[in-house]
Amino acid sequence: VLSMGLTDDQLDNHTVVIGHLRARCNAGRNRHVWRQQFADKKQGIQQAADDWLCELRDLARKCEFATDCCANCEPTRILGQLIFGVESDEVRVKLLEHGATLSLDQTLTIIRTAEASNKQSKNLKTGYAAAFQGATSSYKRFKQKSSNPPVGGSSSAGAKFAGCWNCGSKTRCKPLTACPAQGKECKKCGLLNHYFRVCRNPKAVKKQQGIYIDPSPPTGGAVNASDLVELAVNLEKWTSSLEINFLPDTGADLDAIPESLYKRKFSRVALQKGVQPVTAVGSPIINIGVFSAVIVWTTRDKVSQSVNTAIHVLRELKQPVLSKRSKQTLGMLPAAYPHAYVGMVASTPPTDRQRQADLKTLMNECPRIFDGTCHQMSGPPCHFQLMENSQPVAMRGSRPISVPLLPRIKAELYNLESANIIRRVVKPTAWVHPFIALPKKNGDIRLVIDFRELNKCIIRPNFETATPFQTVRTIPPGMKFFTVIDALKGYHQVPLDDESINLTTFSTPFGRYQYLRLPFGVSHAGDDYCRRVSEVFDDLPICLRIVEDILVYSATYDEHIEAVRELFHRAAAHNIAINTTKIVFAQPAVTFGGYVVDADGFRPDPELTRAIREFPTPGSITDVRSFFGLFQQVGNFSDQLAAALDPLSPLLKTGYTWEWTTQHEEAFTAARTLLSTVRDLAFYDPKRPTSLHVDASRLNGLGFLLKELDD
């Protein structure tokens, strides 16, 4: 109390003093933890009802039930706990028989009456009934004992002492700071703030060393499994170590284990006499003994740290405790804790407005690539190399087109010609290809040229690139910001040479046209375009690319801004236009390459799983092939998919006569459900241990699965 800095007026007010004491004793404890302890507080074996009630009321005050709705919450909770936690089942039945009309006072009367009756019954059996006069709680016995005057007092026997309990004077010292005993050490018990002649401790206690542990032993409601750390305890003459889960506690000055754990696992270890520890409030703790050991902590990086320590065996301790000193030696805490320097200040996530403003600033630094024009990217023109003796194929006329689509087709041809992507041709050409028009989701028209005959004669350059799954799985763990950037009409930014231009002529109802830029549908296009953008972007450190889509990832927002800035400037240097409508900037989760990517891992695009879930029953071999194609996109997310599709595999064999049976329908339904409910995959972490699981059989061939240890 004296260290709280209270004024004399506050010290005279017992309500203020009690309030400060409660605030200090309850510091750092969450009321939800107290409520868990309140719910677990049942009447102990042979525990007096009044003792139990005092404990419940003390816990109820810390639980702050009155803040829930009204002042009746606390008595109602105590009433329910008395009914639930009373030791005797017979008493509980009597309480429940009263129904909803049962009050708290009635409950206490029934419990106390039953307690007194049980004690009278036991005394009658042993012949000491006359000696029993009623159940007296330990709290009342302490009050009766404390009402006796101190040794040095002059009060007559039986009179209540009204003087100072600290110095023994006949009048009470006010304020307490004026008492001459303040700061003095008792020669009998060793405690402060009272004289030897008024000491009320029954026994002289040896002077205790300043060793403290957590005043509230860990309980099931206060400690979670995630709070514990597994440590190896090595003893001198033991050949193997024991793995023990300790609770790291910065408030403990010693390493300790419960007596029950010592009896189970360390009973062969001889104990030495240990010091008498006390709690932070001065209550003594029973120390069974102490033994020496080496505690080893292995970090996630497989680095081992050890500390030589003395482990104390304490009675009624519920959980092994690791002291602050040992935590500092093992490296769990900084050596200067709690005065360690701040290594990093966490920043708040950017708001949507901040993201938009930062993206606009970045785009303004390179305005040309965001003007909506499909520019010609830097580099030499693309050339189609044909096989020797290739025979040109030219169609006459054009394929019939639906009349309502003709105006939109004419408008699309005009737009492409204005953008210098195609040109009208009137002279004869050896190659003339047909085309079809496909409506887009936004109502526009996509021109699809049928280059199948030309593709048969082109020699592909074969530029190898990673699949979307192979690309996405290389993202490091812990990334929090993702940006997706798409090139504007990617292939159309690559120029063609004159010889290749003449190979792309196609016929429309409005005449013949040729591509001046690399068209979609030519087998040469993907290899040539991927090679060009690979030379531009693939050396950027935190970027991934799938054809024309680029993903930027980072752990911090500031790092992300710089990475996107570097990408934009690199694109501007090579005159690569960006599609502004498809930019997704600095989001916690994005869709990239058919997968949803976030900080925890990646999973198939929900549109893909929806397509699998709604896939109709196959009516032909082509439908089965399409279903298997969907399987290829999610096959890496489960080790059960191959077995689920195995009954359908014979349908794809050459020469198989199509027949859809009941067994096929059942296998298809089960596989469709499994394919649409695949689990997420985490990113590979090279710091974690991995294991390769293999299997082989004559019927099912070879199988393997690479797994990584998770937390």
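The following conversation concerns a predicted model.

Visitor: Where does V494 lie?
Guide: V494 is found in the loop that runs between β12 (481-486) and α15 (498-501).

Visitor: Is V494 buried or exposed?
Guide: V494 counts as buried, because its relative accessibility is 0% and the cut-off for buried is under 20%.

Visitor: Which residues does V494 touch, leaving out those up to four places away in sequence?
Guide: V494 touches M377, C382, R517, L518, D528, Y529 and R532.

Visitor: And how far apart are V494 and P381?
Guide: In sequence, V494 and P381 are 113 residues apart; in space, they are 6.8 Å apart, C-alpha to C-alpha.

Visitor: Turning to helices, at what angle do α4 and α5 cross?
Guide: The axes of α4 (residues 49-63) and α5 (residues 73-85) cross at roughly 140° and come within 10 Å. The two helices are therefore oblique to each other, and the crossing is right-handed.

Visitor: Which residues make that contact?
Guide: From α4, the contact is made by W52, L53, L56, R57, A60 and R61; from α5, by E74, I78, Q81, L82 and G85. By class, six residues are nonpolar, two polar and three charged.

Visitor: Now the sheet: in what order do β18, β19 and β20 stand?
Guide: The three strands form an open sheet in the order β18-β19-β20, with antiparallel pairing. β18 (589-592) and β20 (602-604) are at the edges; each has a single partner strand, so one side of each has no neighbour in the sheet. The twist from one strand to the next averages 25°.

Visitor: How many bridges join β19 and β20?
Guide: Strand β19 (residues 595-598) pairs with β20 over three bridges. V596 stands opposite R603 in β20.

Note on methods. Residues are numbered from 1 along each chain as its sequence is written. This is a predicted model: local features need pLDDT of at least 70, side-chain atom pairs count only at pLDDT 80 or more; totals for chains, interfaces and linings use all residues. Side-chain values use heavy atoms; hydrogens and water are left out. Helices (H or I, at least four residues) and strands (E, at least two) are DSSP runs, numbered from the N terminus. Buried means under 20% relative accessible area, exposed over 50%, partly exposed in between (1.4 Å probe, protein chains only). Contact means heavy atoms within 4.5 Å. Two strands pair if DSSP finds at least two bridges between them. Axes are lines fitted to C-alpha atoms, for helices over the stretch in contact, and angles run from 0 to 180 degrees between N-to-C directions. Angles under 35 degrees count as roughly parallel, over 145 as roughly antiparallel, 65 to 115 as roughly perpendicular and the rest as oblique. A crossing is left-handed if the near helix is turned anticlockwise from the far one by less than a right angle, and right-handed if clockwise. Ala, Val, Leu, Ile, Met, Phe, Trp, Tyr, Cys and Pro count as nonpolar, Asp, Glu, Lys and Arg as charged, and the others, Gly among them, as polar.
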